[in-house]
Amino acid sequence: MNLKGSSILSINQFERGDIENLFRIADQMEPFAQRKKITRVLEGAIMGSMFFEPSTRTRISFGSAFNLLGGDVRETTGLENSSLVKGESLPDTARVLSGFSDIICMRHPEAGSVAEFAAASRVPVVNGGDGNNEHPSQALLDLYTIEKELQGRGRGVDGLRIAMIGDLKYGRTVHSLCKLLRLFNEVSVHLVSPKELAMPDELVEEMRESGIQVVVTDILEESIAHVDIVYSTRIQEERFPSKQEADLYRGRFRLNKAVYTQFCEPNTVIMHPLPRDSRGDAKELDSDLDDNPNLAIFRQTDNGVLVRMALFAAILDVVHLVDKYVEQVPWHNPRLSG
Ligand code: NCD
């Protein structure tokens, strides 16, 4: 698939070759993300950043990626600060905002909302998370991270063994990641959650139909024993009918130093889409693992910028031009010193 001019709404749009192309573009973005050089290839372009739901890393990562390619970002955050609270429809909002921008990144609490918005937009729209449905760019950066981490261990994504843990019912990152893994061979997935927060049946079905070996379970210890990756997730309390209901599940599965040391193989990679819930009753991924070199969570966030730069470059069709608009970095670069 040529991404030129395409909206990115679901991970289902991608085939394996597309992923491989995109990841090689992401690799090329590294010197720019590291501030070893600057490219102005998107100078004059505007990205509209519309985050109608809380976000820290996804919003800033999309914005930084666009800035790193030389483009500008205009943003609105929170439903309460937009005219959607005055009763404006998503299609009208899209018609207006797409007049101001060359591309739009959007997050919204309702499943399907970003697709509805994109249908009325005159410019490509990238889904930054639509309710409990999908988060395609997160799945791409997760897979890019998995690929890089396993490369260091002499392995590829084919043959991957992964355990996904936590709120698999409402977690959109795991929904998109499970769909993405269908493109690979001999993958096995342990889905570890309380029964009430299990991965939706249709997603499990789709995975099995594509040849993935799936184990659905509520037992953590045996599920993390023989895997390459443990992927922990937060209880998505904002999707629950009440906070009290979310409280029932918080802290149910905890990955900490003691559990990791006792049950995981020594090289198991630890991932989480973040934010991790650090409150005392949660701690699904404990900070006592922070000095473990297998903890990849901050490599995931760094990789997110590369993957999002690659998406922008591909959608706006400037991949071949990125190196033609290069400048030197004039400022002191703290990343390169010391
Ligand atoms: C996730 C999200 O918003 O879906 N965060 C992210 O984008 N990295 C996961 C979460 O909020 O738990």
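Lys and Arg count as positive and Asp and Glu as negative, while His and the chain ends are not counted. The place of a charge is taken as NZ of Lys, CZ of Arg, CG of Asp or CD of Glu.

This is a predicted model, in which local features need pLDDT of at least 70, side-chain atom pairs count only at pLDDT 80 or more, and totals for chains, interfaces and linings use all residues. Residues are numbered from 1 along each chain as its sequence is written, and side-chain values use heavy atoms, with hydrogens and water left out.

**Exercise 1. State how far apart the mean positions of the positive and negative charges of the protein are.**

Solution. Step 1: the protein has 38 positive and 49 negative charges. Step 2: their mean positions are 4 Å apart.

**Exercise 2. Describe the overall build of the protein: how many helices and strands are there?**

Solution. Step 1: helices (DSSP runs of H or I, at least four residues) and strands (runs of E, at least two) are numbered from the N terminus. The protein has twelve helices and eleven strands. Step 2: the radius of gyration, taken over C-alpha atoms, is 20 Å, close to the 20 Å that the globule rule gives for 338 residues, so the protein is as compact as a globular protein of that length. The globule rule is 2.2 Å times the number of residues to the power 0.38. Step 3: along the principal axes, the C-alpha atoms fill a box of roughly 55 × 50 × 40 Å.

**Exercise 3. Decide whether helix H7 is enclosed or open, using burial.**

Solution. Step 1: buried means under 20% relative accessible area, exposed over 50%, and partly exposed in between (1.4 Å probe, protein chains only). Step 2: of the 338 residues of the protein, 55% count as buried. Step 3: in helix H7 (residues 172-181), ten of the ten residues are buried, so H7 is largely enclosed by the rest of the structure. Among them are Arg 172, His 175 and Lys 179.

**Exercise 4. Examine the backbone at Leu 274 and Asp 317.**

Solution. Step 1: most residues other than glycine have a negative phi, and most peptide bonds are trans. Step 2: Leu 274, in the loop between E10 and H12, has a positive phi of about 65°. Leu 274 is buried, with a relative accessible area of 12%. Step 3: the peptide bond from Leu 274 to Pro 275 is cis, with omega near 0°. Step 4: Asp 317, in the loop between H12 and strand E11 (326-327), has a positive phi near 60°. Asp 317 is partly exposed, with a relative accessible area of 33%.
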